[in-house]
Amino acid sequence: MGIENPARATNLVHYLRGVNLNKPHFIVLHEHACHAPYIQNYPASFNQYKVPKGAKFHEREVNNYDSCIGYIDDVYRQIYNVLKQRSPLPTYLIYDSDHGEGLGEQDGYYGHGNNQIRNVINIPIIVTGLHGASMDFAKQDKNKIRPEWVSQFALSKVVAHLLGYKVKPVFEQSHGYWVNGFRLNGTNGFRKVAVKSL
């Protein structure tokens, strides 16, 4: 059963509904998302994957995580719909995460503090254009290692490009990606990841 959190992610949707989208903005919506304990990060109404009585740790974690993801997906659906309905300007919706979660798939690891775990470092980056927003920047993939992979470093250059700064080339990493530990300054360790290991 999920627990109602007073600071839940739907507050982002309410905030976005109050912004005047008739003029240009750069808006960052930061949400806690699906961190453990997952059960505390989604409302009970999104408890789609029930945890059977007597369930073992793995089943409990996976079911609560999946329910949490269902909730977060719904929040982003709402954000997308608000932007689609209320913004008359070319609009980009960019989703990025700072890390993924291990759910026991690799070496029995759970959580997100280990940058050796594939599902911790292999995260989605989603960019959607609305109202005529040009996606031409996505064609600048000549120097990308693999067209389907984008690093967070490259994403920062994409954002700068979309804000009107001259950034060339947008995608320039050709030998691998650098991944930090849970501290962005690298004091918790970092590693270079070859694409084949992802």
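A salt bridge is taken here as a side-chain nitrogen of Lys or Arg within 4 Å of a carboxyl oxygen of Asp or Glu. The structure is a predicted model, in which local features need pLDDT of at least 70 and side-chain atom pairs count only at pLDDT 80 or more, while totals for chains, interfaces and linings use all residues. Residues are numbered from 1 along each chain as its sequence is written, and side-chain values use heavy atoms, with hydrogens and water left out.

**Stop 1: the salt bridge**

The structure holds 1 salt bridge. Select R77 and D74, whose closest N and O atoms are 2.6 Å apart. Both belong to helix α2 (residues 57-86), where a spacing of 3 residues separates them by about one helical turn. Helices (H or I, at least four residues) and strands (E, at least two) are DSSP runs, numbered from the N terminus. Colour the two residues by accessibility, for which buried means under 20% relative accessible area, exposed over 50%, and partly exposed in between (1.4 Å probe, protein chains only). R77 is partly exposed at 44%, whereas D74 is buried at 17%. Side chains of opposite charge can pair when their charged atoms come close.

**Stop 2: the disulfide**

Next, select C34 and C68, which are joined by a disulfide with an S to S distance of 2.5 Å. The criterion is a pair of cysteine sulfur atoms within 2.5 Å, and the count by this rule is 1. The torsion about the S-S bond of C34 and C68 is about -105°, so the disulfide is left-handed. C34 lies in the loop between α1 and α2 and C68 in helix α2, so the pair ties together parts that are 34 residues apart in sequence. Both C34 and C68 are buried.

**Stop 3: aromatic pairs**

Rings of Phe, Tyr and Trp (its six-membered ring) pair if their centres lie within 6.5 Å; planes under 30 degrees apart count as stacked, over 60 as edge-to-face and the rest as tilted. The count by this rule is 4 aromatic pairs. One of them is Y38 with Y65, an edge-to-face pair at 5.2 Å centre to centre with 75° between the planes. Y38 lies in the loop between α1 (10-17) and α2, and Y65 in helix α2, so this pair ties together parts that are 27 residues apart in sequence. Y38 and Y65 are both buried.

**Stop 4: the packing of α1 and α2**

Display the two helices as axes, that is, lines fitted to C-alpha atoms over the stretch in contact, with angles running from 0 to 180 degrees between N-to-C directions. α1 and α2 pack at an angle of about 5°, their axes lying 9 Å apart. The helices are therefore roughly parallel to each other, a class that covers angles under 35 degrees. Contact means heavy atoms within 4.5 Å. On the α1 side it is made by T10, L12, V13, L16 and R17, and on the α2 side by Y71, V75, Q78, I79, V82, L83 and R86.

**Stop 5: P52**

Finally, select P52, in the loop between α1 and α2. P52 is partly exposed, with a relative accessible area of 40%. Which residues does P52 touch, not counting those up to four places away in sequence? They are E59 and N63. The C-alpha atoms of P52 and N63, 11 residues apart along the chain, are separated by 9.5 Å.

Notes:
Parallel < 35°, antiparallel > 145°, perpendicular 65-115°, else oblique.
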